[in-house]
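The briefing below is meant to be read alongside the sequence and the coordinates. Please keep both in view while going through the topics.

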Amino acid sequence: LLFLPKELESLFTSSPLSTMAKAATKQPATTDQADAAVEKILRILSLITSFLGLTFDLIKDNPPLVKKTYLLMQLRGGTKFMELLVQHAVPFLQNNFGKYETLVLDIIKEVQVNTRQLLSVISHGKRNKDVNLMKETPRAKKILEV
């Protein structure tokens, strides 16, 4: 779970696709090669957000995993992931929404599900008065409200 934010950040900063992502963020893609790169980035974003959702479901659906340490890890990793998503992916998604509407909407739907799960973890922490979860809550809420 903790490696997902690194994967998302590397998608937009250190990968060979980063130059295409930066170009596509500034202006919509026009060439076939740029279109293919944008579509590839969108598919990778979709896979990463889906994987995050699967890890959240794994914790949620298995009572032995619903422990403070796993919930704290989920909240920290999810918050970092959402922070990077807002910084890097949202401008990219906005600029490519017209051409790749269905892919972008699928990513947004998956992010909404992940956001709801993070909010559930926050409410669980408040309900059980878990100090560590409550410490992470302000940062998480700030990111999730953006």
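How closely do the axes of α5 and α6 come, and at roughly what angle do they cross? The axes of α5 and α6 come within 10 Å and cross at roughly 150°, where axes are lines fitted to C-alpha atoms, for helices over the stretch in contact, and angles run from 0 to 180 degrees between N-to-C directions. This is a predicted model, in which local features need pLDDT of at least 70 and side-chain atom pairs count only at pLDDT 80 or more, while totals for chains, interfaces and linings use all residues. Residues are numbered from 1 along each chain as its sequence is written, and side-chain values use heavy atoms, with hydrogens and water left out.

**Overall make-up**

- The secondary structure of the protein comes to six helices and zero strands, with helices (H or I, at least four residues) and strands (E, at least two) taken as DSSP runs numbered from the N terminus.
- Read along the sequence, the pattern is α-α-α-α-α-α.
- Of the 146 residues in the protein, 41% are buried; buried means under 20% relative accessible area, exposed means over 50%, and partly exposed lies in between (1.4 Å probe, protein chains only).
- Among contacts (heavy atoms within 4.5 Å) between residues at least 6 apart in sequence, 75% join residues at least 24 apart.

**α5 with α6**

- The crossing angle makes α5 roughly antiparallel to α6, given that angles over 145 degrees count as roughly antiparallel, under 35 as roughly parallel, 65 to 115 as roughly perpendicular and the rest as oblique.
- The crossing of α5 and α6 is left-handed, a term used if the near helix is turned anticlockwise from the far one by less than a right angle, with clockwise giving right-handed.
- The contact is made by residues including Leu-118, Leu-119 and Ile-122 of α5 and Leu-133, Ala-140 and Leu-144 of α6.
- By class, the contact of α5 with α6 has eight nonpolar, four polar and two charged residues; Ala, Val, Leu, Ile, Met, Phe, Trp, Tyr, Cys and Pro count as nonpolar, Asp, Glu, Lys and Arg as charged, and the others, Gly among them, as polar.
- In the loop between α5 and α6 is Lys-129, which has a positive phi of about 55° although it is not a glycine, and which counts as exposed at 66% relative accessibility.
- As background to that phi value, most residues other than glycine have a negative phi.

**α4 with α6**

- The axes of α4 and α6 come within 10 Å and cross at roughly 20°, which makes α4 roughly parallel to α6.
- α4 passes α6 in a left-handed crossing.
- Among the residues that meet here are Leu-71, Leu-75, Arg-76 and Met-82 in α4 and Leu-133, Glu-136, Arg-139 and Ile-143 in α6.
- The residues of the contact of α4 with α6 divide into eight nonpolar, two polar and five charged.

**α3 with α4**

- Helix α3 (residues 32–61) and helix α4 (residues 68–95) have axes that come within 12 Å and cross at roughly 160°, and the two helices are therefore roughly antiparallel to each other.
- The crossing in which α3 passes α4 is left-handed.
- Among the residues making the contact are Val-38, Ile-41, Leu-42 and Leu-45 of α3 and Phe-81, Leu-85, Ala-89 and Phe-92 of α4.
- The residues of the contact of α3 with α4 divide into 15 nonpolar, three polar and no charged.
- Ile-41, in helix α3, counts as buried at 0% relative accessibility, and the C-alpha atoms of Ile-41 and Ala-89, 48 residues apart along the chain, are separated by 9.7 Å.

- Leu-42, placed in helix α3, is buried with a relative accessible area of 0%.
- Not counting residues up to four places away in sequence, Leu-42 touches Phe-92, Leu-93, Tyr-100, Leu-103, Val-104 and Ile-107; the C-alpha atoms of Leu-42 and Val-104, 62 residues apart along the chain, are separated by 7.2 Å.
- Tyr-100 lies in the loop between α4 and α5, is buried with a relative accessible area of 9%, and touches Asp-35, Val-38, Glu-39 and Leu-42, again not counting residues up to four places away in sequence.
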